[in-house]
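Me: I am new to this structure and would like to learn how to read it. Could we take the features in turn?

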Amino acid sequence: MASEISPHPVKLACRGVWKIFGDNATRFLADKNNAPSDSELIDAGMIAAVRDATLEIPEGEIFIIMGLSGSGKSTMVRCLSRLIEPTAGEVLFEGQDLLKTSPKDMIEIRRHKMGMVFQHFALLPHLTVLGNVAFPLEVQGIDKKTREGRALEVIELVGLSGREGYYPRELSGGQQQRVGIARSLAVEPDIWFLDEPFSALDPLIRREMQDEFLRLQQMLKKTIVFITHDFDEAIRLADHIAIMKDGEIIQIGTPEELVMHPATDYVAEFTRGIPRAKVLTAQAVMEAPTAGEYSVRVRFDSRLEELGANILHADKPFAVIDENEAVIGQISRDAVLEILVGAPNDDADTGNAGAS
């Protein structure tokens, strides 16, 4: 099933990207017309970490790349930021092919337009919270007063006001991760890369950091590429998700599309057991609006699990509103009840839906 078209312009895209590890990988790939078989890769002693990847990331969206360990997701994000060199393909950032950009210009793009947060916080132990957050601005050559002023703004943004003078060893794991997030935001990036930023945290702190992340995104509207292996985390955060397996992008879609219309048995297995009410939004089950009265008004992107208990006890439909608060549909008690008690995803059609 094809994913819905985003109304936002494309911020970052890649086309036909390969990353092959091995001697003379570029020549090998060219000799195979950029389409080597598994057996040819094995015979040549090559490892294809990313295979012919194509995707588009709209401006202002949270785009999640996910897969199991070894699926290629972290290599994919490093290709998108050109932290490692793809073997072939194009990586287009704001229409500019990063693979044709000089190393010097690439450094400037990373310094001024890209923010990065990784699983390991990599804070500088000899610097305070303020010093760590201001550090990328110091690298840019910004004067002390200006960089510390900006650092204090983002420290407040991530909820660490009052801890500016603390050292990393004096902070909890969640607080250290907030410092890493603040540091990456200090440069006011156009695009934000996060590679499993919460996976080292315990479940309670992880949930809190997800809440914080969503709060920040509501305020900042960043274009975000987020890597995770946790589907629960992905459906909570994502506008769109790309699922990878053995270096290939298997399917791209909204959380709803992946759960309701998995393109392959692998995607179906990946999403099996996810309650539909946790994924489906009001927009997905709404009907055409009527002229009648409504119990309450709910946003189009509200999850059904957030509405379930209330609508089941409501005597009137809920009005579904868009970002401008205009009524675009309605949802009824019966429609939600059918989702909440309906058949699980086990019987989803996995054979007829095409990959995005």
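Me: Which residue in S5 is the bridge partner of Leu92?
Reply: Strands are DSSP runs of E with at least two residues, helices are runs of H or I with at least four, and both are numbered from the N terminus. Two strands pair if DSSP finds at least two bridges between them. Here Asp97 in S5 is the bridge partner of Leu92. Strand S4 (residues 88-93) and S5 run antiparallel and are joined by two bridges. This is a predicted model, where local features need pLDDT of at least 70, side-chain atom pairs count only at pLDDT 80 or more, and totals for chains, interfaces and linings use all residues. Residues are numbered from 1 along each chain as its sequence is written, and side-chain values use heavy atoms, leaving out hydrogens and water.

Me: In what order do the four strands form the open sheet?
Reply: The order is S2-S1-S4-S5, with antiparallel pairing. Strand S2 (47-58) and strand S5 (96-97) each have a single partner strand, so one side of each is left without a neighbour in the sheet.

Me: Is Ser184 buried or exposed?
Reply: Buried means under 20% relative accessible area, exposed over 50%, and partly exposed in between (1.4 Å probe, protein chains only). Ser184 has a relative accessible area of 5%, so Ser184 is buried. Ser184 is placed in helix H7.

Me: Which residues does Ser184 touch, not counting residues up to four places away in sequence?
Reply: Contact means heavy atoms within 4.5 Å. On that count, Ser184 touches Gly115, Met116, Val117, Pro189 and Trp192, leaving aside residues up to four places away in sequence.
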